[in-house]
Amino acid sequence: MEDRLARLEAVQAMLLDIGHLSASCTDVTEFIGAVHRALGRIMYAENFYVTLAEREDDTVRFVYFVDSIDQGPSPDERVTLASPDQSPTAWIMLNKQPLAMTADEMRQRETGMAWGTGSIAEHWMGCPLLDQQHEVLGAVVIQSYLPEHRYNAEDQALFELIASHVSNALQGLQSMDRLERAVQERTRALAREVAERRRAEQVQHALYQIADLSATALETDVLAASLHTIIGELMMAKNFLIALTHPDTGEISIPYFADEKDSEAPHQRFPFGMGMVSYVLQTKQAQLHDAGSFARLHAAGKVKHPLGNTDIASWIGAPMLVHDKAYGVLVVQSYDPTIVYAKADLDLLAFIASHVAVAIARMQADRAIRKAKERLEQQNAALEQALHQLQEAQSELVRKEKLASLGQMVAGVAHEINTPLGICVTATSHLVQELKLTREELAAGEMTEDSLGAFFDVVDQSLRIMTTNTQRAAALVRSFKQVAVDQSSDDIRSFNLGTYLNEVLLSLQPKLKGRPLEVAIDCPKDLLLESFPGAVSQIVTNMVVNSLMHGFERDQRGHITIQAALDGDDVVFDYGDDGAGMDAETLAKLFDPFFTTKRGSGGSGLGGHILYNLATGVLGGTLRVESSPGQGLRYHLRFPRKSVRPALKAA
């Protein structure tokens with residue numbers, strides 16, 4: 001009875017100590033260590049550990065771990081929380097219930113795999129640490145590996161009571177610990193941020209200085225010296241050089257060199273391939289080396305013919321690149337073993353090198369622009385004269401093309417008129433001969449009623465033949481005259497589109513004659529235009545001629561359709577044939593000047609070009625063409641029904 005009373009007094013003292021410790025301690029580990037020592041005064045506690053939950057990532061930290069057999073993880077290490085069937089610690093934390101087990105009970109719970117990661121204790125006892133909202137803070141565990149030290153029901157009740165008081169104390173300590181850690185992390189972050197901002201301001205100032213240097217168009221040596229000063233404000237750069245590439249000669253020059261051991265550069269100019277500078281240019285990568293890595297590069301043959309003093313402690317070089325074009329290399333090196341460059345220094349030098357490259361490229365571009373401007377000014381007069389001559393030549397070619405087209409039409413119409421006129425001559429000669437014979441018969445008194453009737457039949461037939469053929473010839477002449485006048489003039493007049501299309505096709509009969517082609521016109525009879533008939537005539541002529549020359553073979557049957565309709569104030573004009581068509585590459589060049597697939601067969605290459613210019617320029621419309629091999633060719637033309645002549649520009 002006295003032992004129990006003494007134990008209860010010890011427990012009461014321990015609970016008071018826990019309260020005092022929670023108020024005086026600021027470190028969680030220190031507090032738990034004091035609890036462990038106090039717990040050892042009331043029960044066997046040689047093996048004792050406490051875990052704390054990290055809720056943001058479902059991990060735990062073993063903030064306190066004392067064990068006679070096993071080695072625990074580091075207090076700062078975060079361990080992923082296992083599932084309840086994998087670990088007794090996880091079981092009490094996730095189920096929020098205390099648990100006590102003997103070694104036999106623990107082995108019985110194992111189902112093919114170990115339950116927990118440590119050694120199996122003779123008696124294991126754990127309690128969850130819960131906050132006021134019954135959320136898990138962690139777990140406290142005590143265990144014994146000795147059979148003589150087991151925990152009875154009273155020990156378990158005391159342990160749960162102590163765990164409850166530890167939970168209350170830990171809430172405040174953990175909040176303070178997290179706050180302190182947050183403050184420390186924020187302080188470190190702010191310090192880094194201030195340092196980075198100060199460094200960024202220095203770099204930004206350096207970039208402004210570099211931009212100013214490139215804008216002042218300084219000489220290369222003055223620019224290089226200024227760069228040395230700027231870089232020296234950002235890092236230790238007593239030993240510094242600038243190398244520039246010369247692609248035209250395949251050489252590298254050193255316009256600026258500053259070194260503690262060499263008063264001047266070993267070579268002011270040397271072939272590409274020598275030294276570390278060439279290696280940086282070959283790799284197009286910033287390089288960080290010391291004496292050892294430099295020696296290995298030289299031994300491997302990657303760096304040939306080292307230049308200058310090779311007794312280096314640290315060396316960094318960065319290529320000056322713009323769009324993968326190398327303008328040179330910036331090099332900073334140290335002979336002092338206490339001055340060793342790091343990756344951050346290399347990145348900074350590479351960053352500056354890229355901006356220096358832009359500045360050098362800008363200066364070179366400015367010089368090139370000035371020289372090019374001088375050359376352009378010298379060539380401007382010659383180019384203008386050449387352009388004027390080219391425009392005159394093109395205009396002359398277009399005029400000749402139109403005249404050639406008109407000449408071909410004249411020859412064709414002349415040939416067509418020759419046939420009806422020849423028939424008329426033959427009929428006239430026959431009529432004269434019959435008249436002579438009739439007069440002789442009348443003079444001889446041999447005329448009969450039958451012979452007179454026969455003479456009248458001959459006269460009637462001959463007159464019909466002459467009338468038909470003279471009308472045909474007159475129609476050809478009238479059509480040719482109108483079309484020829486329209487093609488040679490640029491006047492606007494009112495005309496019926498359907499009637500005019502028939503006249504144009506009539507003038508094209510010499511080209512269509514003998515070809516097994518059917519031409520169909522679908523046009524409203526009352527479609528009147530106030531436009532340029534010459535342009536319409538030339539467009540239709542070029543379309544038909546293009547079909548005859550490129551779309552159909554000489555004896556190939558086919559169809560040509562011409563459709564016109566009024567859509568508001570616009571005329572929609574569609575032309576199509578079912579000929580050979582053309583592929584996409586040829587179609588893309590259809591309207592290019594001097595492009596033809598029949599260069600040796602009479603094609604000038606201007607028909608499509610003239611057609612496009614007349615449709616989009618003179619008629620003020622839009623022209624679209626569709627074709628594919630074997631599917632014919634289709635033009636889609638849209639232009640205003642009423643054309644307006646462009647006003648003349650003031651002189």
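Tutor: Contact here means heavy atoms within 4.5 Å. This is a predicted model: local features need pLDDT of at least 70, side-chain atom pairs count only at pLDDT 80 or more, and totals for chains, interfaces and linings use all residues. Residues are numbered from 1 along each chain as its sequence is written, and side-chain values use heavy atoms, with hydrogens and water left out.

Take Leu39. Leu39 sits in helix H2, residues 28-39 (helices are DSSP runs of H or I, at least four residues; strands are runs of E, at least two; both are numbered from the N terminus). Leu39 counts as buried because its relative accessible area is 1% (buried is under 20%, exposed over 50%, partly exposed in between, with a 1.4 Å probe and protein chains only). Set aside neighbours within four places in sequence, and Leu39 is in contact with Met14, Ala45, Phe48, Ile142, Phe159 and Ile162. Leu158 is 119 residues away from Leu39 along the chain, yet their C-alpha atoms are separated by 9.9 Å.

Gln143 belongs to strand E6, residues 136-144. Gln143 is buried because its relative accessibility is 6%. Its side chain makes a polar contact with the side chain of Asp67, at 3.0 Å (a pair of N or O atoms within 3.5 Å, one able to donate a hydrogen and the other to accept it; residues adjacent in sequence count only if both atoms are side-chain atoms). Beyond residues up to four places away in sequence, Gln143 touches Tyr44, Asn47, Tyr49, Asp67, Ala121, His123, Trp124 and Tyr151.

Burial also marks helix H7. Of the 9 residues in H7, 275-283, 7 are buried. They are Gly275, Met276, Val277, Ser278, Tyr279, Val280 and Leu281.

Now the whole chain. It holds 15 helices and 19 strands. Of its 651 residues, 39% are buried. Among contacts with a separation of 6 or more, 63% join residues 24 or more positions apart.

The contact between H13 (residues 533-551) and H15 (residues 607-618) involves Ala535, Gln538, Ile539, Asn542 and Met543 of H13. H15 brings Gly607, Ile610, Leu611, Leu614, Ala615 and Val618.
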